[in-house]
Amino acid sequence: MNRTKGDEEEYWNSSKFKAFTFDDEDDELSQLKESKRAVNSLRDFVDDDDDDLERVSWSGEPVGSRTRPGSFQSLSDALSDTPAKSYAPELGRPKGEYRDYSNEWSPSDTVRRLRKGKVCSLERFRSLQDKLQLLEEAVSMHDGNVITAVLIFLKRTLSKEILFRELEVRQIALRHFIHFLKEIGDQKLLLDLFRFLDRTEELALSHYREHLNIQDPEKRKEFLKTCIGLPFSAEDSAHIQDHYTLLERQIIIEANDRHLESAGQTEIFRKHPRKASILNMPLVTTLFYSCFYHYMEAEGTFSSPINLKKTFKIPDKQYVLTALAARAKLRAWHDVDALFTTKNWLGYTKKRAPIGFHRVVEILHKNSAPVQILQEYVNLVEDVDTKLNLATKFKCHDVVIDTCRDLKDRQQLLAYRSKVDKGSAEEEKIDTILSSSQIRWKN
């Protein structure tokens, strides 16, 4: 996609872009790995020398249209090609300040003024030596915005080959330039830069990132297929393969479920119509969808939750957490019970929760589970203080009463008596326990 110099200036006038700092790292690889963690837990510029574009301030207003107290000059203002003669010094301004609009500033002075957000033109720096000195002065100031402002000027006024050659030996400026190209989405120039630098893995990552611009699912899938053989690391190659496999499967599930929903013969789709397509969703969202609409399907089907778990090696904790959220939302309490029931080789059953029963209780309450079900799972919380806090919070009276009795804590039981309804079964139960002569109270 072709854009103008004005697009680059808009980059600085828009608050949605983040300025580069010296603490930033090249985050493309980390973003890709973060995508994988979601799986396991589950967007060309052509330089335009049009110098007649209207300059805008940081707020987006044309410079000179009006002034506002406390406003600051933007970097795009400072980089304007507008001749200095269009600016007249204000009446009463000290003569020493007249040079603010002259062409006499050295690279060092110019960079300092840019850092303060003052108006100055870079067009006077015409030789390669002057331009490189300007860049070096910017780097020495350790100001990311100024460095990037100078880089925008060099990008527009130097040939690609010369720019790349000079940046190769200036690693700080190179990092800023790469970050800038990623932010503005100039994939073509970024790919050219990585080829020049022979940075094959970053070249592959940039190529992979182009899939974000492909809206058609089938075309996106085919594009991802072309990424599989690119020179990624072994770990990242697995991520790309998973991305391709996931989209391939989503396309199949989407087509099948759209047909079932339109036919109107499947109960789950009649009671709970789909709110969105599953296409291009993260794996964790796909798993939730599968647990919601296809929970009881055989493992051999692509939409089976167990099939997804095994194919993408989803950890037990993530699987249980997602399945619990889906089945609790449907109020399928039998499925919830089965999710935590295990059987040993002797046939004995036991409740087990890899995510901890305290999280189970929170999710069940969030989905309005009946108090009887809440009490069952609160009772399974091992830590006594956590159990009492949850039971009190969710009004699981029997759990609080029984736990205080087992702890032989008379004072806490008396205090809880004031929280239950007068004449209720809970009050009667507390009174019975308090009057029992068989309990040796600690207090």
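Q: Which helix holds both Phe288 and Phe292?
A: Both lie in helix α14 (residues 283-293), four residues apart, about one turn of the helix. Helices here are DSSP runs of H or I with at least four residues, numbered from the N terminus.

Q: What kind of model is this, and how are residues numbered?
A: This is a predicted model, in which local features need pLDDT of at least 70, side-chain atom pairs count only at pLDDT 80 or more, and totals for chains, interfaces and linings use all residues. Residues are numbered from 1 along each chain as its sequence is written, and side-chain values use heavy atoms, with hydrogens and water left out.

Q: Are the rings of Phe288 and Phe292 stacked or tilted?
A: The pair is stacked, because the ring centres are 6.2 Å apart and the planes are at 25°. Rings of Phe, Tyr and Trp (its six-membered ring) pair if their centres lie within 6.5 Å; planes under 30 degrees apart count as stacked, over 60 as edge-to-face and the rest as tilted.

Q: Is Phe292 buried or exposed?
A: Phe292 is buried, with a relative accessible area of 9%, whereas Phe288 is partly exposed at 27%. Buried means under 20% relative accessible area, exposed over 50%, and partly exposed in between (1.4 Å probe, protein chains only).

Q: Which residues form the aromatic cluster?
A: Phe269, Phe288, Tyr289, Phe292 and Tyr293 form one aromatic cluster.

Q: Changing topic, what sits over the ring of Phe125?
A: The charged end of Arg124 does, 4.8 Å from the ring centre. The rule requires NZ of Lys or CZ of Arg within 6 Å of the ring centre and within 35 degrees of the ring normal.

Note on methods: Helix = DSSP H or I, 4+ residues; strand = E, 2+ residues; numbered from the N terminus.
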